[in-house]
Amino acid sequence: MTIKPVQAMVALVALFISFYHFTLYAASSNIAPSGIAYGWSGMTSSTANTGRVAQPGLNDNNLTADIDLQPNGDHVGAWEAAGVIWSTAANLTAVDFINGTVTSEDDGFLTANCRLQFSTDGVTWTNSGWTIHPTYPNSAAASGKTYTFSGTPVTGIMGARVVGQVRTKDTSYHWIVKEVQATGTIGPVVSYAITASAGANGSINPSGSVKVNQGASQSFGITPVSGYSVDNVTVDSSGVGAVNNYTFLSVAANHTISATFRVASACTTPPAMPTGLASPAQTSSSVNLSWNAVSVPSGCTVTYNVYKSGSSAATSTSTSAIINGLSPSTAYSFTVAASDAAGTSAQSPPLSVTTSSSGSYTPEQILSAVQSHMTSSVQVNTLPHINTMTRAMNVNVYQVSTGVFAYTSSMAIDDDGSDPDPDPDHQNQTTWQDSAGAQLGAHHVPFYVLGDDCWDNENGGHITPCPHFYYPEHNITGLQFALIFYNGNVIGAVFGDTQGTDITPTSNNDSRELGEASVEAASLLGIPSSGTTGGVDNGVTVVIFSGPEWVLQGTNQGTGPVGSATGSLNGNAQALVQKALNTLGAAFGL
């Protein structure tokens, strides 16, 4: 049979279409009018979806009319937003908004945290990571001005909104907006295939060829049959460990995921009773406890239960705990037991610990004094740092005492190092190592993160001193001790990792960032500690003690004496807490 040239061309095009999903996009334009405009008010968090009211004047191309999102005024610190939701997925390259006219009563502008958010379902909102130009002033100077958000183009977006806070200071009780514009196209997006498979004695869900739109995320659950456990999960030819779930974030290519299973190493007997219960540090209201790790068979997970006078006081997956809410100059009896799937050990012999007298400096006293010393006259940096979680450029570092530096920011979760973690951005190394030369374990060592270079010199400059806080210029090195305060609690931590050039597909790393610490640091402070969903946006104060006398020794899971190179870094850090509090109390003349 002879195929005519036209027939051959049609066949070739059909073959190409079946091989790859593609879309021809229309020229970019303002697509905001093709959606429904809304205003949000009275929200208690940046990502809430409450208080939504249709506001057709926000996307009607009338650039002069003012739309008041809450004419009666909002509550203190309320989040308000203005944006557009589409019924068909949009592909965006820029978002503009025109601030409304500020009133004579000084209302109509955002007072803090102006940012852009996207939604893939019109309900759930996440920060875009895009930057705004010009910088939003958080003042009446925004009146009538146009601001543009830009960043890496996104696809599959069902909603875009500008969000921020009002009444964070005694001004601007509500936001006024003239117009929201979105540059992009409307239409289907490129999709990719993730091929998922499982070996014998287990399953992966979903399985087979899973279609995922570009920019979307896809999760997989890995489940062994009874008597088996996950052996390894392989993603794109690289093993990620024995995890029970894995998520591809912001999919931009085809992928593969496969799982293998092995006979489970069952926990056949309860673990041994923990030994070495000790209290390396006490305050007038808290006690730090540490103990030796117990050995369990492969495949078993051990949890430690701490008891105060026979009643449960804390649960820990590491070999330390902080017991708060105690009375000054009071003796308490503590025991610890270990549990796994097979049962619970006997409780350790009791340890009697007496809290310090109220004459010792408390965390509340010291934090208040530190904050009172964080003034412009002792500010170290001349250019602001970036809050790691919110991306706001509003973090400054202050020398609150001789050789002591403090800042308040967020706590993003660093899960890097020798401990395995399901976070797809997990790195197997940290900038600093323990006394045995091992990479720090984020699940065992409470460490904080600083920028790895002077950002202002990254393009070959030689500015000195650095306009940003650069740790080598201030006698700070690896394992440098710090106090970390949050929500009435304080812990000891060490300098363990650095932030620098963007090296992961889902992060926006920058050496100017301040506000990140390890999984263990977050866990000790009661902060959600997941590397993908944990952290807090604000309220964490880090106080760094410079100089060689404040550099710690220890290992990830050491069992040696407290303070020694063979002790645990966690225990050694907690043992210094009261000394550090007293040092600052004396320096401040409290």
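Predicted model: local features only at pLDDT ≥ 70, side-chain atom pairs only at ≥ 80, totals over all residues.
Which residues is Q480 in contact with, leaving aside its neighbours within four places in sequence?

1. Q480 and its surroundings. The place of Q480 is in the loop between β30, residues 447-451, and β31, residues 481-486. Leaving aside the neighbours within four places in sequence, Q480 is in contact with Y448, N475, A493, V494, F495, I544, F545, S546, G547, W550 and V551. The relative accessibility of Q480 is 0%, and because buried means under 20%, this residue counts as buried.

2. N475, one of the contacts of Q480. N475, which is among the residues that Q480 touches, is likewise placed in the loop between β30 and β31. Although N475 is not a glycine, its phi is positive, at about 60 degrees. With a relative accessibility of 48%, N475 counts as partly exposed, whereas Q480 is buried.

3. A cis peptide bond at P134. H133 and P134 are joined by a cis peptide bond, for which omega is about -10 degrees. P134 lies in the loop between β8, residues 131-133, and β9, residues 146-165.

4. Is N487 buried or exposed? The relative accessible area of N487 is 67%, and N487 is exposed; its location is the loop between β31 and β32, the latter covering residues 489-499. The phi of N487 is near 50 degrees, which is a positive value in a residue other than glycine.

5. The packing of α2 and α5. Two packed helices are described by the angle between their axes and by the distance between the axes. Helix α2, residues 363-373, packs against helix α5, residues 577-588, at an angle of about 50 degrees, and the axes are 10 Å apart. That angle makes α2 oblique to α5, and α2 passes α5 in a left-handed crossing. On the α2 side the contact is made by P363, I366, A369, V370 and H373, while α5 contributes L581, L584, G585 and F588.

6. A586 in helix α5. A586 lies in helix α5, and this residue is exposed, having a relative accessible area of 54%. The C-alpha atoms of A586 and Y361 are separated by 9.0 Å, although the two residues are 225 residues apart along the chain.

7. An open sheet. What is the order of the strands in the open sheet of 5 strands? The order is β13-β11-β18-β15-β16, and the pairing is mixed. The edge strands, each of which pairs on one side only, are β13, residues 208-213, and β16, residues 238-241. From one strand to the next, the twist averages 25 degrees.

8. The pairing of β15 with β16. Strand β15, residues 228-235, runs antiparallel to β16, and 3 bridges join the two. For V233, the bridge partner in β16 is G241.

Note on methods:
Residues numbered from 1 in each chain as written. Heavy atoms only, no water. Axes fitted to C-alpha atoms, helices over the stretch in contact; angles between N-to-C directions. Helix = DSSP H or I, 4+ residues; strand = E, 2+ residues; numbered from the N terminus. Parallel < 35°, antiparallel > 145°, perpendicular 65-115°, else oblique. Left-handed = near helix turned anticlockwise from the far one by under 90°. Contact = heavy atoms within 4.5 Å. Buried < 20%, exposed > 50% of the residue type's maximum accessible area, 1.4 Å probe, protein only. Pairing = 2+ DSSP bridges.
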